[in-house]
Amino acid sequence: MIKPILLLLLCIGLFNDAIQAQYNIQVKIDNYENDTLILGYRLGKKTYVRDTTIRNKKGHFVFSGSESMNGGVYLVLIKPQNTYFEFLVPDEEDQKSMQISTKLLNGNDMNTHLKITGSEENQIFLDYLSFLRDMRKKDTELSTSISSEKNEVKKKSLQMEREGLSKQVGDYQKNMIDQNKGRLCANLIQASQRPVIPENIRSDRAKAFYWYRDHFWDNVDLADHRLIRTPILEEKLNEYIGKLLVQAPDSIIQGLDVLISKIEKGGNEKMFQYVAAEMLNKYAKSKVICMDAVYVHLGEKY
C-alpha cells in the first residue's frame, strides 16, 4: 500500500515532469516500418540532429525535451531512406501540443498526406504549399497544351492564362504576408521575394543594378533570428556577397558594414552574432589574396 505522503510526492514528481517538458511533438507515419525517427533542424543550409526517438506502444513517435526549441525550419527524417518532411517551429506558439501525421508513399514521399494540428502557423504554411502544388500542376498542364496547340488564337489565350497563374501566386503571397505579420511563415515568404526594380530605371543597367543592390535586404526582417534556422538567410548572404559586391576587399568591407549596420538597427543580438561570425569565419578561411583585410576589419570592428 502506498502511503499518502509517498503518493503526494509521486504526484508532485509527475506534475513537475509535465511542467519541465517544453516541447512535445507526436508523429504518426503510416507505411513506415522502421522503429527509429530523427528530428533535425536547419542552420543555414546545413542540417543538424536535434533528437532521436523510437516508436511507442501506440505506434507513435514522440519527441520531447525540457528546453523550448528555437524557432525555424525543422524536419522529420526516416531511416534508412533519409526521406524527410519539413515543418515550422515558431517561438510564440505552444510547442507541447503539436501532432503530425502523414503517410509514406513510394518510399520517398511524406508530403502529400502531411497534416499538422496544434499549430496554426503550420496550417497556414501547409495551405500555402498545397496552393503552390495546385499552381504547378496547372502550369504543367497549360505548358503541355500550349506546346500541342496549332491554333494561334487558342495558343495565345492559353499563354495569357498561364501568365495569369503568376499573378495568382503573387496575390496569394501578398495576402498571406499582410494577414500574418510577424509570423515565421510570412517572413519566410517575404524574404524569398526579390525587390522589384522601378520601371523607369530598368533600361539603365547600371542604375538598375545599384538600385537592386541597395534594396536587396528590404524584404528580409533582419530582426527575426528565426531566419537563421532556415536556408533563406544563407542563400541571401551568398548572393549579396558573391554577386552584388565587387570581389575586392574594400568593396566587400563596405558592403558588409552596410548589412551589419542594418542588423544592428534591428536590435536582434542573435542575428548580429550569426552574421558577424559567419562572415568572420568565411574570410578567415579565404585563400584569395588580400581577403585577409576583410577578416581583420571584421575582427577589429565587431
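This short talk goes through the aromatic contacts, pockets and backbone details of one predicted model.

A word on conventions. The model is predicted, so local features need pLDDT of at least 70 and side-chain atom pairs count only at pLDDT 80 or more, while totals for chains, interfaces and linings use all residues. Residues are numbered from 1 along each chain as its sequence is written, and side-chain values use heavy atoms, with hydrogens and water left out.

I'll start with the rings. The search of the whole structure gives 14 aromatic pairs; a pair here means rings of Phe, Tyr or Trp (its six-membered ring) with centres within 6.5 Å, called stacked if the planes are under 30 degrees apart, edge-to-face if over 60, and tilted for the rest. One of the pairs is Y32 with F61, which is tilted, at 6.0 Å centre to centre and 40° between the planes. Y32 sits in the loop between β1 (23–30) and β2 (36–43), and F61 in strand β4 (residues 61–65), so this pair ties together parts that are 29 residues apart in sequence. Helices (H or I, at least four residues) and strands (E, at least two) are DSSP runs, numbered from the N terminus.

Are Y32 and F61 buried or exposed? Both Y32 and F61 are buried, where buried means under 20% relative accessible area, exposed means over 50%, and partly exposed is in between (1.4 Å probe, protein chains only).

Another pair is F209 with Y210, which is edge-to-face, with 5.3 Å between centres and 75° between the planes. F209 is partly exposed at 31% relative accessibility, and Y210 is also partly exposed, at 44%. Elsewhere, ring pairs join Y41, Y48, Y74, F85 and F87 into a cluster.

Two lysines also come up against rings. The charged end of K236 sits over the ring of F216, 4.3 Å from the ring centre. The charged end of K282 sits over the ring of Y283, at 5.7 Å from its centre. The rule for a charge over a ring is NZ of Lys or CZ of Arg within 6 Å of the ring centre and within 35 degrees of the ring normal.

Next, the pockets. A pocket is found on a 1 Å grid over the protein atoms alone, as an open set of points where a 1.4 Å probe fits, with protein on both sides within 12 Å along at least five of seven lines; lining residues have an atom within 4 Å of a point. Grid points are joined across faces, edges and corners, and the volume is the space filled by probe spheres set on the points.

The largest pocket has a volume of about 480 Å³. Its lining has 22 residues, and V73, E86, F125, L129 and L188 lie nearest the centre. Which elements supply at least two residues each to that lining? They are β6 (84–89), α2 (120–148), α4 (184–192) and α6 (231–243). Of the elements, α2 gives the most, with 6 residues. By class, the lining has 15 nonpolar, 4 polar and 3 charged residues. In this scheme Ala, Val, Leu, Ile, Met, Phe, Trp, Tyr, Cys and Pro count as nonpolar, Asp, Glu, Lys and Arg as charged, and the others, Gly among them, as polar.

The second largest pocket has a volume of about 210 Å³. Among the residues lining it are K46, E234, Y274 and K282. Two or more residues come from each of α6 and α8 (269–284), and α8 gives the most, with 5. This lining divides into 3 nonpolar, 2 polar and 5 charged residues.

On cysteines, the count is 0 disulfides, with a disulfide taken as a pair of cysteine sulfur atoms within 2.5 Å. C185 is buried at 0% relative accessible area, whereas C290 is partly exposed at 47%.

Last, the backbone. A cis peptide bond joins K79 and P80, with omega about 0°, and P80 is in the loop between β5 (72–78) and β6.

One more asparagine: N187, in helix α4, is buried at 8% relative accessibility. Its C-alpha atom is 10.0 Å from that of L222, 35 residues away along the chain.
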